[in-house]
Amino acid sequence: MRDETISGKAYDARLMRRLYHYIHPYRVSIVWAFLALTISTGIELFSLYLYKMVVDQFIQNQQRNGLALLCSIYIGLLAAGFIFQYVQFYLVNVMSQKSMYDLRLELFKRLENMSLSFFNRKPVGYLMTRLTSDIEALDSMFANCIVFTFNDLLYIIGLLGVMFYLSPPLTLLVLAVMPMIAWVSIRFKNEVRESYRDVRRLLSELNGFLQENISGMETVQIFGREKTNFNRYSKLTREYRDANIRSVYNYALFYPTVEFLGAITIGLLLWYGGTMLVNNPGFAGTLVAFVISSQKFFQPIRDLADKFNILQTGMTAAERVFSLMDANEIVPAPEKPVTRVIEGGVEFRNVHFAYKDDEWVLKDVSFSATPGKRIAIVGPTGSGKSTIINLLFRFYDVQQGEVLLDGVNVKDYDLRSLRSQIGLVLQDFFLFSGDIKNNISLGRPDIEEDKLIEAAKIVQAHPFIEKMPKGYDAEVKERGATLSVGQRQLLSFARALAADPRILILDEATSSVDTETEFLIQEAIERLIEGRTSLVIAHRLSTIQKADEILVLHHGEIVERGTHHELLARQGMYYRLYQLQYKDQAMPDAVNA
Ligand SMILES: Nc1ncnc2c1ncn2[C@@H]1O[C@H](COP(=O)(O)OP(=O)(O)OP(=O)(O)O)[C@@H](O)[C@H]1O
Ligand SMILES: [Mg+2]
């Protein structure tokens, strides 16, 4: 993906403010988590002091009274610390899950309202990544960084305080090793970031490749592309493997290195502390507590480098998620949306339209239909027929001219109200996973079971649905791959009919079906259209012949218009189309008509 390489900062105040917006509702949990954390850190720091007491007061003086009590206090304290840690860990993670849930919903809602031109430009894989792995990266950042980074800092500062209190010279000794650790950490951070970036980029490429190949497996096998695709896959997978190994290598090197530097520090401490012990036996407790403290000192430092990476990945993800959120390609809503019941008047008035820049797809298209009229649109492929539908549904806005329904510009309608009142049957009918029933009603609560069965009966989809093992409750698998082309078309008619729209739009599929099904489909179309304004992109002679007006589209312009007979008599473009495409469909009597 193109923006996979945003060089994210680890901390960006503007992004943080926006992210905070999602945590805000759960701020009370965070306050509690901070509190629990501060207490558990305090307990841990205090327990260090107990080591010194045990050695100095009990072991050195060979005194046993009270030792058991002190050890019990120690265990009790650690148990309390455990509970506080549990509380804050739980709170933070729940908060993170909840805010990601909110974010996911918001993002999906944005997507649902995006204009279709947006989806034409953004690959599916790109959008999927935003909604899945980027949000996961944010989750990981919320869960690991917000409270815990603060914890690490608090811990390090507290520990330094304790160490200074115990022995300033030994503290300086520990601090002397710090530049080394800092250097190693920074190198590690950079290396890991590089390899992570590769891992993520390759993963998204792999996913895209897999998605394409699995859904296109039929084509792959028909054209014998298995070997070529396997080679491409194996190349991608190899790169992915190597990128992962690189990142593992960094981790494998980093942790032991910090460990080793820690060991050096302890060696130095024991050496220096040991020599001090000779002159000052009372120093033993301090030395023990100090050695333990210094060991604890390295862990949060080591973690900080890791968290820095998580933070950086999270920030990059935030940037991408927000850029998607801000993509302002929502179909603009009118100030006072019209929600009236549409009677069925359709008009295109001098419409000019281009999908991009000035590549005009429709040029000065005008036509109108009073309620109940039938209009057929014919024309060669790519002439702009489906585009007319897109404009009527307001999937896109026209650059010039007007599209009117009942005399009101489509831009002035409430978008949902507009679309819910127009029935649409597309060339490629989209079935969702779920049962047949839901695929007809599309989950609209106002379409009850008897109404949808009625619709199925009218378009004669009922017989084959009934024959299915579970009838209307039968599951539709994999976009209806198990249904025949004809069955899918009848289903799509039932879907359009169930909503009982005043205007019906039909982009007839060209796929050929057997004569019997063809007859069923023709009849279904008749029943579907009856009593409604209809706009049919027609490939069937039978639909075209019955139209009140036929529009012949060529390169985005209406070149001819009239009834079937008028147009035939004219011997123009329609006549030629008829000779080429429709004549063979004609029944013997239709030819002579
Ligand atoms: N989403 C889009 N973005 C950019 N250009 C598009 C888009 N959809 C269609 N076009 C272009 O607009 C022109 C008209 O396409 P349209 O789909 O309206 O043709 P059509 O008449 O329906 O063809 P067919 O009979 O093959 O369905 C074509 O040149 C096509 O390449
Ligand atoms: Mg089309």
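Contact is taken here to mean heavy atoms within 4.5 Å. The structure is a predicted model, in which local features need pLDDT of at least 70 and side-chain atom pairs count only at pLDDT 80 or more, whereas totals for chains, interfaces and linings use all residues. Residues are numbered from 1 along each chain as its sequence is written, chains are lettered from A and ligands numbered from 1 in the order in which they are written, and side-chain values use heavy atoms, with hydrogens and water left out.

By this criterion, and with residues up to four places away in sequence not counted, Phe493 touches Val425, Val459, Leu506, Ile521, Ala524, Ile525 and Leu528. A nonpolar core is a set of buried Ala, Val, Leu, Ile, Met, Phe, Trp, Tyr and Cys residues joined through side-chain atoms within 4.5 Å, where buried means under 20% relative accessible area, exposed over 50% and partly exposed in between (1.4 Å probe, protein chains only). The largest such core has 49 residues, of which Ile436, Ile440, Ile465, Leu491, Phe493 and Ile550 touch the most other members. Helix α15 (residues 485-498) gives the most to this core, contributing 7 residues; helices (H or I, at least four residues) and strands (E, at least two) are DSSP runs, numbered from the N terminus. A second, separate core comprises 36 residues, among them Leu15, Met141, Phe142 and Met325.

The domain assignment, whose bounds come from an automatic or database source, gives domain 1 (13-326) and domain 2 (432-500). The centres of these two domains, taken over C-alpha atoms, are separated by 51 Å.

The shell of ligand 1 (residues with a heavy atom within 4 Å of the ligand) includes Asn120, Tyr355, Val361, Lys385, Tyr396 and Gln427, and its largest share, 3 residues, comes from helix α10 (residues 385-392). Among the polar contacts (pairs of N or O atoms within 3.5 Å; within protein, one must be able to donate a hydrogen and the other to accept it, and residues adjacent in sequence count only if both atoms are side-chain atoms), an N or O atom in the side chain of Thr381 lies 2.4 Å from an oxygen atom of ligand 1. Backbone N or O atoms of Ser383 and Gly384 lie 3.2 Å and 3.0 Å, respectively, from an oxygen atom of the ligand.

Positive phi values in residues other than glycine are found at Asn350, near 45°, and at Asp406, near 50°.
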